[in-house]
Amino acid sequence: MKEFQCPSCREPVSFEHVACASCGTELVFDSSGIEMSKLAFDQACRNREIIGCNWCVEGAHWYCGSCRLTRTTPDLDSPRNIMHWRRMEEAKRRLLYDLLRLQLPLASRRGIPVAFDILSDESNPILTGHHEGLITLNLAEADDVEREARRVAFREPYRTLLGHFRHEIGHFYWDLLVDQTTLQAPFKLIFGDETQDYQGAIGGYHGRADRSYDRMGFISEYATSHPWEDWAETFAHFLHIVSTLDSLVGLPLALEERARQTLTDPYLESDFEALLALWMPLARGINEINRSLGMGDAYPFNISPAVKGKLHLVHMAISVFRGQQRFAGREDAAQAHRAAKAG
C-alpha cells in the first residue's frame with residue numbers, strides 16, 4: 001500500500017483513516033483517482049458511521065463501490081458481529097485497491113459482477129469459498145482467537161483475513177484470465193490438469209493422515225489439493241508481493257535505479273524478474289525484523305524455482321489480459337472515430 005497524505009496538512013495518513021490524526025481533517029478515499037481527499041458534502045458512504053468505511057460514494061448511490069459489492073451482511077443486532085464485519089470490510093477494501101491498481105475488472109466475461117456474502121455460522125456452518133463470482137466468507141475469520149485456532153488446527157503457517165480475500169478472488173480470475181485462453185495449456189503444464197474431480201480431490205486432501213508435501217513444488221500445503229487451489233494460493237501470493245513492494249516506496253531506503261523503476265508502480269511492472277529481485281531480500285528482511293521482535297515469520301514461505309514459475313504465469317496472465325483490454329479500447333476508439341468521420 002503506497003503512502004497517502006492528508007490533503008490539508010500533508011502529513012502521512014493510512015488507507016483506513018477517516019480523519020487526519022494531525023489536523024483533524026475528515027478524509028475520504030476516492031477509488032476513481034486512487035487518492036485521499038477531504039470529505040465533501042454527500043460523499044460519505046452510509047456505512048461510514050457503523051463500520052468506519054472511508055470510501056466516497058459515486059453519483060446518486062448511498063453506498064460506496066466497495067460496500068455495494070457486499071450482497072449479504074451478518075446480523076447487525078450483535079455488537080460483536082458489527083466489530084467483525086468492520087474488519088471484514090477493511091480487508092475487502094484492501095483487496096479492491098489491489099485490483100484497481102492491477103487494472104482488473106470486477107465482472108466476468110458475461111458481465112456478472114463480483115459479489116460478497118459475509119455470513120455468521122451461529123445457526124449453520126459457513127464455508128468460505130467462491131462460486132461464479134460470489135465469494136462467501138465466514139465472519140468467524142475476523143475473530144483473531146478463532147482464526148488462530150483454525151490456523152493451528154489446519155497446520156497453516158499463515159492465515160489472515162486479507163489472505164482469504166486474495167485467495168478466493170483468485171478463483172474468479174482463473175475463469176477470466178486462464179479458462180478458454182491461450183494460457184490454459186501452459187497452466188496444465190505448470191499447475192496440473194484442472195479437469196480432475198474437484199470435490200473428490202478436496203475430500204481426499206482433508207482426509208489425508210500424512211500432512212507432508214512437496215515444499216519445492218507448492219507454495220503451501222493447501223495448494224497440493226487441486227490445480228485450482230494451487231492457482232488461487234499462488235494468485236494470493238502474487239498480490240502479497242506487489243502490495244508489499246508498493247509499501248516500500250515511502251520508506252527511506254537507498255535503492256539502485258532499476259529497483260526505483262520497479263517501485264514506481266509494482267502492480268504494473270512488466271518484468272517479473274525485477275519484481276522477484278526486490279521481493280526475495282525484502283521477505284527475508286521482514287522475517288528477520290519479526291524475529292527480532294520475538295514474533296514468527298511474516299512471510300513463512302519458500303519461493304522455489306517451481307513456485308517462481310507458477311507466480312510468473314500469474315503475472316503473465318494479468319499482463320496479457322491488461323494488454324488485450326488496452327488493444328480493445330484502442331480499437332473501439334478507432335471505430336468510433338471512423339464512424340464520426342463517415343457521419
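Helices here are DSSP runs of H or I with at least four residues, strands are DSSP runs of E with at least two, and both are numbered from the N terminus. With that in place, arginine 10 sits in the loop between strand S1 (4-5) and strand S2 (12-13).

Before I go on, a word on the model. It is a predicted one, in which local features need pLDDT of at least 70, side-chain atom pairs count only at pLDDT 80 or more, and totals for chains, interfaces and linings use all residues. Residues are numbered from 1 along each chain as its sequence is written, and side-chain values use heavy atoms, with hydrogens and water left out.

Back to arginine 10. Its phi is near 70°, a positive value in a residue other than glycine. Arginine 10 is partly exposed, because its relative accessible area is 47%; buried means under 20%, exposed over 50%, and partly exposed in between, with a 1.4 Å probe and protein chains only. Glutamine 180 also has a positive phi, near 60°, and is not a glycine either. Glutamine 180 lies in the loop between H4 and helix H5 (184-191), and at 68% relative accessible area it is exposed.

Cysteine 20 counts as buried, because its relative accessibility is 5%. Cysteine 56 is in no disulfide either, and the nearest cysteine sulfur, that of cysteine 64, is 8.1 Å away. Cysteine 56 is buried too, at 7% relative accessibility.

Now two asparagines. Asparagine 81 is in helix H2, and at 0% relative accessibility it counts as buried. What does the side chain of asparagine 81 reach? The backbone oxygen of aspartate 75, at 3.0 Å. If contact means heavy atoms within 4.5 Å, then asparagine 81 touches Pro74, Asp75, Ser120, Glu122 and Leu139, leaving out residues up to four places away in sequence. Asparagine 290 lies in helix H9 (residues 272-292) and is buried at 15% relative accessibility. With residues up to four places away again left out, asparagine 290 touches Met295, Gly296, Asp297 and Ala298.

Leucine 119 belongs to strand S6 (residues 115-119). It is partly exposed, with a relative accessible area of 23%. Leucine 119 and threonine 73 are 46 residues apart in sequence, yet 6.3 Å apart in space, C-alpha to C-alpha. Among the residues that leucine 119 touches are Thr72, Ile126 and Leu139.

Last, the second largest pocket. On a 1 Å grid over the protein atoms alone, a pocket is an open set of points with protein on both sides within 12 Å along at least five of seven lines, and lining residues have an atom within 4 Å of a point. The volume of this one is about 320 Å³. Of its 18 lining residues, the closest to the centre are Ala91, Arg94, Thr160, Leu161 and Leu162. Helix H2 (79-102), helix H3 (144-153), helix H4 (161-177) and helix H7 (227-248) each supply at least two lining residues. H2 gives the largest share, five residues. That is what I have.

Definitions and conventions. Disulfide = S-S within 2.5 Å. 1 Å grid on protein atoms, 1.4 Å probe; cavity = no way out; pocket = protein on both sides within 12 Å on 5 of 7 lines; lining within 4 Å. Points joined across faces, edges and corners; volume = space filled by probe spheres on them. Polar contact = N/O pair within 3.5 Å; in protein donor to acceptor, adjacent residues only side chain to side chain.
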